[in-house]
Amino acid sequence: MKLNLDYYKETENNKLTEKEEQIISKFFEREEIRDLENILDDNSSLEEIEVISDHRKNIISFYPINSEETILQIGANFGEITGELCKKAKKVVAVESKKAKAETIAKRYSNIENLEIIAGELKDLKLEEK
């Protein structure tokens with residue numbers, strides 16, 4: 001996993017919302033973040049469940065991704081489907097405009113070798129690969 005902060009510029013548009021800050025502090029500021037679903041409880045909001053639960057992988061699990069493909073994931077959020085994409089593709093480049101979310105994805109998938117996370121606005125990126 002590689003985290004690229006070269007394109008990140010702090011703006012009002014890419015600051016975390018209060019809810020995003022709560023999700024990061026509740027689920028991702030712990031030493032070990034494996035088995036995240038085990039810390040969901042009856043008080044978990046729908047947004048928290050969507051971020052943490054691995055059921056979101058079903059969105060792309062059926063899609064026939066070639067194992068030699070590189071995937072550009074735009075707006076990776078908290079990486080809900082990023083891990084599943086990494087299982088199927090040769091390489092995944094996940095773009096997230098909010099630095100804290102990009103860092104969260106990096107922590108969530110720190111053991112995945114075929115993942116590059118770029119923090120920054122898509123319009124500012126200079127991607128060599130087509």
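**Helices, strands and a pocket**

Q: Which residues of helix α5 are called buried?
A: In helix α5 (residues 99-108), they are K101, A102, T104, I105, A106 and R108. Buried means under 20% relative accessible area, exposed means over 50%, and partly exposed lies in between (1.4 Å probe, protein chains only). Helices (H or I, at least four residues) and strands (E, at least two) are DSSP runs, numbered from the N terminus. This is a predicted model: local features need pLDDT of at least 70, side-chain atom pairs count only at pLDDT 80 or more, and totals for chains, interfaces and linings use all residues. Residues are numbered from 1 along each chain as its sequence is written, and side-chain values use heavy atoms, with hydrogens and water left out.

Q: What covers the buried residues of α5?
A: The cover includes β1 (2-4), α1, α2 (46-52), α4, β3 and β4.

Q: Why is K101 called buried?
A: K101 has a relative accessible area of 6%, so it counts as buried. K101 sits in helix α5.

Q: Which residues does K101 touch?
A: K101 touches L16, E20, N77, F78 and E96, leaving aside residues up to four places away in sequence. Contact means heavy atoms within 4.5 Å. K101 and A76 are 25 residues apart along the chain, and their C-alpha atoms are separated by 8.4 Å.

Q: Is I24 buried or exposed, and what makes it so?
A: Its relative accessibility is 9%, so I24 counts as buried. I24 lies in helix α1 (residues 18-28). I24 touches L16, E29, F78, A100 and T104, not counting residues up to four places away in sequence. For I24 and F78, 54 residues apart along the chain, the C-alpha atoms are separated by 9.0 Å.

Q: Why is N77 called partly exposed?
A: Relative accessibility is 25% for N77, so N77 counts as partly exposed. N77 belongs to the loop between β2 and α4.

Q: What makes the phi of N77 worth a look?
A: Phi of N77 is near 55°, a positive value in a residue other than glycine. Most residues other than glycine have a negative phi.

Q: How do you know that β4 is largely enclosed by the rest of the structure?
A: Count its buried residues: 5 of the 5 residues of β4 are buried, so β4 is largely enclosed. Both faces are covered, with L115, I117 and A119 on one side and E116 and I118 on the other.

Q: How do you know that β3 and β4 pair?
A: Two strands pair if DSSP finds at least two bridges between them. β3 and β4 are joined by 5 bridges and run parallel.

Q: What makes β1 and β4 a pair?
A: They share 3 bridges, in the parallel sense. K2 stands opposite E116 in β4.

Q: How do you know that β2 and β3 pair?
A: β2 and β3 have 5 bridges, again in the parallel sense. Q73 stands opposite A94 in β3.

Q: Why is V93 called buried?
A: The relative accessible area of V93 is 9%, so V93 counts as buried. V93 is part of strand β3 (residues 91-96). V93 touches T70, I71, L72, Q73, E116 and I118, setting aside residues up to four places away in sequence.

Q: Which residues lie nearest the centre of the second largest pocket?
A: They are V93, E116, L127, E128 and E129, out of 14 lining residues. β2 gives the most to this lining, with 3 residues.

Q: What makes a space a pocket?
A: On a 1 Å grid over the protein atoms alone, a pocket is an open set of points with protein on both sides within 12 Å along at least five of seven lines, while a cavity is a set where a 1.4 Å probe fits but cannot get out. Lining residues have an atom within 4 Å of a point.
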